[in-house]
Amino acid sequence: MATDKKKEVDKQIINEDIPLTKFQILRNVFVVSIGFVFLFTSFQSLTNLQSTLNKDEGIGTGGLSIIYGALVVSCMFVPSFVINHIGCKWTIAASMICYILYMAANFHAVWGLIVPASIIIGLGAAPLWSAKCTYLTKTAVWYAKLTGATEDDVINRFFGFFFMVFQTSQIWGNLISSEVFSQRPDDAKNFTVSAEDLTHCGANYDPGRVVNNTNLDRPDITKVYTVCGIYLASATIGFFIIVIFLQNIPVHNVNENEKEKGKFSFHLLVETFKHFWKSPTQKLLVVLTMYSGVEQAFIAGDFTKSYVGCTIGIWNVGFVMICYGVVDAICSFSFGRLVEYIGHIPFFALAFFVHGGTQIALLLWKPQPDPQYIFYIVAGLWGIGDAVIQTQINALYGYLFTDNTEAAFANYRLWESVGFIIAFAWSNFLITYVKLYICLGFLCVGMMLYIVVEVYDRRNKKKGFDLN
């Protein structure tokens with residue numbers, strides 16, 4: 001009896017330290033997810049179109065590379081400082097404004113506008129994602145305490161739900177672009193590609209080679225303005241959803257030194273790399289985290305141009321990427337739920353075989369306009385692998401570094417951004433098959449090091465060592 005009463009008292013004390021109820025936690029997870037859907041309905045779909053819509057002088061992929069270059073700098077200095085000062089909610093809201101400015105710059109895509117807009121969005125992206133990850137991780141830990149579930153299970157569920165909802169942004173954004181850019185039957189005859197030009201699509205696509213392929217022609221400027229206007233409105237709606245409906249949460253303990261947390265100094269940069277340097281686990285996860293950026297950049301910048309746009313036209317890019325988004329969303333939710341029963345390893349193995357097999361198939365495939373369903377199959381398979389990479393790496397970071405989430409997720413965004421930078425930087429220079437070989441290399445090395453992480457984690461937990 002005495003023991004039971006003590007447990008009840010301990011539970012009551014724990015619950016009093018949690019500022020939100022179970023319903024409020026679930027409501028806020030939903031609000032964050034919906035806000036990100038509206039924002040990335042715009043950004044992800046615009047990213048998918050950059051390599052074809054703004055291909056002149058490499059403005060599209062060049063701008064994307066600048067975004068992730070600025071994001072690397074932002075990861076080093078900005079997230080902890082901003083989150084400490086204004087909290088997770090207002091960090092997310094302020095960062096969304098940076099994305100809105102980038103949408104506006106695409107109305108007139110020239111270097112003079114795209115470069116500063118890309119730098120601004122890059123600086124805002126790191127605090128946006130770090131605040132989101134911190135918010136989900138902290139609320140998941142609270143929810144686990146309120147329900148008696150394990151922290152790892154709840155973190156996986158929350159991230160799985162978030163990415164399920166988040167990946168539907170691929171559907172809505174690409175549906176918008178495809179409907180606006182779609183060609184009518186009367187116009188279809190104007191978009192032809194010769195048998196000779198088809199041999200230079202797919203793995204043989206060379207961005208430096210000039211071809212007379214009308215499939216890659218830029219759409220009418222009126223349609224470009226229409227798409228950019230819809231995307232700008234969607235991002236703005238996402239901003240107001242966060243401002244109006246999301247509750248802010250405390251990110252510090254009551255006894256924390258307020259003066260120290262408010263400083264903007266190189267100490268924050270040191271903390272980010274201190275976490276990297278002191279954590280063997282973090283070092284081992286670097287290559288796999290970079291692969292997350294490389295594979296997303298490939299599907300958005302290279303598959304859409306080298307395979308889809310080159311072979312069946314830019315107006316089909318959105319439809320194919322809808323398939324990618326649907327599969328990604330369904331798998332993100334399913335994998336987030338199933339991981340508590342079978343663990344991380346089977347899913348990472350699934351990603352390895354699905355992405356590895358798909359990349360080998362892309363190396364061998366000679367794309368033709370018919371049958372078109374093959375493009376959708378490839379996109380769906382890539383979505384399965386991406387669902388694992390996104391949900392499981394995020395959850396893995398949350399599970400391994402629960403005591404140092406901000407620095408850990410800053411590292412996550414840092415190394416993922418390096419992957420994006422590399423992939424977008426080589427986009428206008430390397431032949432597609434070279435990019436696929438590099439992508440395969442990152443996948444194989446990253447997965448081998450992940451296995452080491454699992455072994456290291458299990459051994460050290462038996463010995464009671466701290467992995468943070």
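Here are a few questions and answers on it.

This is a predicted model, where local features need pLDDT of at least 70 and side-chain atom pairs count only at pLDDT 80 or more, while totals for chains, interfaces and linings use all residues. Residues are numbered from 1 along each chain as its sequence is written, and side-chain values use heavy atoms, with hydrogens and water left out.

Me: Which side chains meet in a salt bridge?
Reply: A salt bridge here is a side-chain nitrogen of Lys or Arg within 4 Å of a carboxyl oxygen of Asp or Glu. Searching the whole structure turns up one. The N to O distance is 2.7 Å, and the partners are Asp 302 and Lys 435.

Me: How many residues apart in sequence are the parts that Asp 302 and Lys 435 tie together?
Reply: Helices are DSSP runs (H or I, at least four residues), numbered from the N terminus. Asp 302 sits in helix H12 (residues 280-312) and Lys 435 in helix H17 (residues 432-463), so the pair links parts whose separation in sequence is 133 residues.

Me: Is Thr 134 buried or exposed?
Reply: Buried means under 20% relative accessible area, exposed over 50%, and partly exposed in between (1.4 Å probe, protein chains only). Thr 134 is found in helix H4 (residues 111-147). Its relative accessible area is 0%, so Thr 134 is buried.

Me: Which backbone oxygen lies 2.7 Å from a polar atom of the Thr 134 side chain?
Reply: Leaving out residues up to four places away in sequence, Thr 134 touches (heavy atoms within 4.5 Å) Ile 83, Cys 88, Thr 405 and Glu 406. The backbone oxygen at 2.7 Å belongs to Ser 130.

Technical notes:
Helix = DSSP H or I, 4+ residues; strand = E, 2+ residues; numbered from the N terminus. Polar contact = N/O pair within 3.5 Å; in protein donor to acceptor, adjacent residues only side chain to side chain.
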